Amino acid sequence: QLYHCMLGSALHMKGDIETRRSRNELGHLVWQLNEIWPTGGWGSLEYGNPSYPGQIVGGRWKPLHYFYKASVFADVMATCGLGGLCYIRNDASHPFHGNMKISSININ
């Protein structure tokens with residue numbers, strides 16, 4: 001159940017960031033990156049102090065942090081907004097060469 005809560009928060013953050021990027025808004029801030037206790041909070045890392053028993057040492061990733069790396073803050077990302085307007089964003093230091101296949105479904 002805790003894992004499902006962490007997945008829910010990760011999907012929420014992913015959707016929010018992709019919505020903002022689809023409107024070509026810049027400057028996204030990660031509000032809470034770290035949590036020192038192993039909980040289901042909004043932090044994307046559990047990283048504690050070795051002086052305190054029970055805290056996670058070493059920076060264990062939660063699902064949200066995997067989403068950050070895999071898609072949300074990837075160097076090359078595609079996202080679409082309302083009306084089918086899509087952006088392909090390249091924040092890498094080199095040009096992107098490739099093909100993009102975009103498909104959509106109607107969930108109404």
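The largest nonpolar core of this predicted model has six residues: Ala10, Met13, Ile17, Leu64, Tyr68 and Val72.

Take helix 2 next. Its buried residues are Pro63, Leu64, His65, Tyr68 and Val72. These residues pack against helix 1. They also pack against strand 2 (45–46), strand 3 (60–61) and strand 4 (76–80).

Leu64 shows some of this packing in detail. Neighbours within four places in sequence are set aside here. Leu64 then touches Ala10 and Met13, and is also in contact with Trp42 and Ser44. Ala10 and Met13 are themselves members of the largest nonpolar core.

Tyr68 belongs to that core too. Its relative accessibility is 8%, so Tyr68 counts as buried, the limit being under 20%. Tyr68 also takes part in ring pairing. The structure holds two aromatic pairs. In one of them, the ring centres of Tyr68 and Phe73 lie 5.3 Å apart. The planes of these rings stand at 50°, so the pair is tilted. Phe73 has a relative accessible area of 35% and is therefore partly exposed.

Now turn to the largest pocket. Its volume is about 250 Å³. Cys80, Gly81, Leu82, Gly84 and Cys86 are among the residues that line this pocket. Ile102, Ser103 and Ser104 also belong to the lining. By class, the lining divides into four nonpolar and four polar residues, with no charged ones.

Terms used:
Residues are numbered from 1 along each chain as its sequence is written. This is a predicted model: local features need pLDDT of at least 70, side-chain atom pairs count only at pLDDT 80 or more; totals for chains, interfaces and linings use all residues. Side-chain values use heavy atoms; hydrogens and water are left out. Rings of Phe, Tyr and Trp (its six-membered ring) pair if their centres lie within 6.5 Å; planes under 30 degrees apart count as stacked, over 60 as edge-to-face and the rest as tilted. Buried means under 20% relative accessible area, exposed over 50%, partly exposed in between (1.4 Å probe, protein chains only). A nonpolar core is a set of buried Ala, Val, Leu, Ile, Met, Phe, Trp, Tyr and Cys residues joined through side-chain atoms within 4.5 Å. Contact means heavy atoms within 4.5 Å. Helices (H or I, at least four residues) and strands (E, at least two) are DSSP runs, numbered from the N terminus. On a 1 Å grid over the protein atoms alone, a cavity is a set of points where a 1.4 Å probe fits but cannot get out, and a pocket is an open set with protein on both sides within 12 Å along at least five of seven lines; lining residues have an atom within 4 Å of a point. Grid points are joined across faces, edges and corners, and a volume is the space filled by probe spheres set on the points. Ala, Val, Leu, Ile, Met, Phe, Trp, Tyr, Cys and Pro count as nonpolar, Asp, Glu, Lys and Arg as charged, and the others, Gly among them, as polar.
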